[in-house]
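Welcome! Keep the picture open while you read.

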Amino acid sequence: MITMKDIANATGVSVVTVSNALRGKDNVSPETAQRILETADSMGYRVNAANLAARNLRVRGTRNALPEKPVIGVAIFEFDNMQPAQLAAEISRTASARRCQTLFQQTLTDAENEHSIIDNIANQFCDGLILSSANLPVKDIIRFTKRRPTVLVDDDRPQEQLDTVLSPCEIGSAEAVRYLLDKGHRRIGFVGDGFGVMDDPMRLHSVGGRRMRGCADALSGAGMALTTGQCIDTEWTWEGARSAIHQIGESIRGYDALFCLTDNIALGVIRGLGDLGIRVPDDIAVMGFDGCAIGECFMPGLTTVAVDIPQMASLAVDSVLDRIEGRIGVNEHGRRRIVGHHLEIRESA
């Protein structure tokens, strides 16, 4: 195993300087810190989380023993969005069942905020991290986490270092569109991201990009093409979706079905249609994606692609524990796994 002493010997600095650089301390010059980080990367250095926690405890002057339970940091999107909130709750339950502790923060899909959160988590007593990132390059995630075991959630950017747990974006969206086509709908609108997301290099592997590709694939299989005019771009909030329907106004009646990229969007769409006096599903069918529990409580009940969120939480927690507890070697390639799903058929479509 590569140690800080090995890095110190390779870079010609002290072990203390290496430690400070890996911790992101500002008492190391930027040039030296960069050289140390690049050397650590090339040598495959992995921080020992237990040793780091022990050092932190000694620095704080406490005589308490290390906690028996591993501590997992969890950084995900907004907690007031239904799917991330439900995922956070499932991660908490799963971690508790595995005798783990969790530390939650929300990223708010902001790169600077993600960096700050990851850096703070990495410098606390966290043995590993579950991260839903939208903006940071993978190489920066690895560097900011100080090479702690890290699992990415719904981040399908090409990389081999980190474990990834994904929702079934392409296959689920394709199945949803085929369901609508089988119900006789031919004038389908797609609410969430614009047409260009599928060609945008920055968003190609995002949740929205992958779901839109699934829609396009299903239409292509039916001899149809996804067009710009079918795509209704909106914020991924129910308020934003409701507002988008208001802006379109009566012309929304040109569609006979709307497939929404999230349940949050779908519920906002249903409310927006209701504001215009448009009945769901009699006038326009509406379908969502995520399978959030609250969709069952609405009238009409939301037809949706129900992602196995408990499985997503279980895979994320178990993946990071596999790395923390040594069941998977620190230098083994990351695993890419897609969780299960099913169509939850209710009244809205």
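The model you are looking at is a predicted one.

**How α1 and α3 meet**

- Two packed helices are described by the angle between their axes and the distance between the axes.
- For α1 and α3, that angle is about 120 degrees, and the axes lie 10 Å apart.
- On the scale above, α1 and α3 are therefore oblique to each other.
- The crossing of α1 and α3 is right-handed.
- Which residues make this meeting? From α1 come Asp6, Ile7, Ala10 and Thr11, and from α3 come Arg35, Ile36, Thr39, Ala40 and Met43.

**A closer look at α3**

- Helix α3 takes in residues 30–43, and its 14 residues should span 20 Å at 1.5 Å a residue; the end C-alpha atoms are 20 Å apart, which agrees.
- Thr32, Ala33, Ile36, Leu37, Thr39 and Ala40 are the buried residues to look for in α3.
- These residues cover an arc of only 160 degrees around the axis, which puts them on the same side of α3.
- An α-helix has 3.6 residues a turn, so residues three or four places apart point the same way.
- Turn to the other side of α3 and you will find Pro30, Glu31 and Ser42 exposed.
- What do the buried residues of α3 pack against? Their partners are α1 (4–11), α2 (15–22) and α7 (138–144).

**A closer look at α1**

- In α1, Met4, Ile7, Ala8 and Thr11 are buried.
- They span an arc of only 100 degrees around the axis, which places them on the same side of α1.
- Facing away from that buried side, α1 carries the exposed residues Lys5, Asn9 and Ala10.
- Glycine 12 follows α1, and its phi is positive, near 75 degrees.

**Helix α5 and the residue after it**

- The 16 residues of α5 should span 22 Å at 1.5 Å a residue, and its end C-alpha atoms are 23 Å apart, which agrees.
- Buried residues in α5 include Met82, Leu87, Ile91, Thr94 and Ala95.
- Arginine 99 follows α5, in the loop between α5 (82–97) and β2 (101–106).
- Arginine 99 has a positive phi of about 60 degrees although it is not a glycine.
- Is arginine 99 buried or exposed? Its relative accessibility is 53%, and exposed means over 50%, so arginine 99 counts as exposed.

- Most residues other than glycine have a negative phi, and most peptide bonds are trans.
- Aspartate 290 has a positive phi, near 145 degrees, and is a residue other than glycine.
- You can find aspartate 290 in strand β9, where it is buried, with a relative accessible area of 6%.
- Between valine 280 and proline 281 the peptide bond is cis, with omega near 5 degrees.
- Proline 281 sits in the loop between α11 (263–275) and β9 (285–290).
- Another cis peptide bond joins methionine 299 to proline 300, with omega about 0 degrees.
- Look for proline 300 in the loop between β9 and β10 (303–307).

- Valine 317 belongs to helix α12, which covers residues 309–324.
- At 1% relative accessibility, valine 317 counts as buried.
- How far apart are the C-alpha atoms of valine 317 and valine 74? They are separated by 9.8 Å, while the two residues are 243 residues apart along the chain.
- Not counting residues up to four places away in sequence, valine 317 touches Ile72, Ile91, Thr94, Ala95, Arg98 and Ile130.
- Ile91, Thr94 and Ala95 in that list are also among the buried residues of α5.
- Asparagine 264 lies in helix α11 and counts as buried, with a relative accessibility of 7%.
- Leaving aside neighbours within four places in sequence, asparagine 264 is in contact with Asn81, Met82, Trp236, Thr237 and Trp238.

Note on methods. Residues are numbered from 1 along each chain as its sequence is written. This is a predicted model: local features need pLDDT of at least 70, side-chain atom pairs count only at pLDDT 80 or more; totals for chains, interfaces and linings use all residues. Side-chain values use heavy atoms; hydrogens and water are left out. Helices (H or I, at least four residues) and strands (E, at least two) are DSSP runs, numbered from the N terminus. The expected span of a helix is 1.5 Å times one less than its number of residues. Buried means under 20% relative accessible area, exposed over 50%, partly exposed in between (1.4 Å probe, protein chains only). The arc is that of the directions from the helix axis to the C-beta atoms. Contact means heavy atoms within 4.5 Å. Axes are lines fitted to C-alpha atoms, for helices over the stretch in contact, and angles run from 0 to 180 degrees between N-to-C directions. Angles under 35 degrees count as roughly parallel, over 145 as roughly antiparallel, 65 to 115 as roughly perpendicular and the rest as oblique. A crossing is left-handed if the near helix is turned anticlockwise from the far one by less than a right angle, and right-handed if clockwise.
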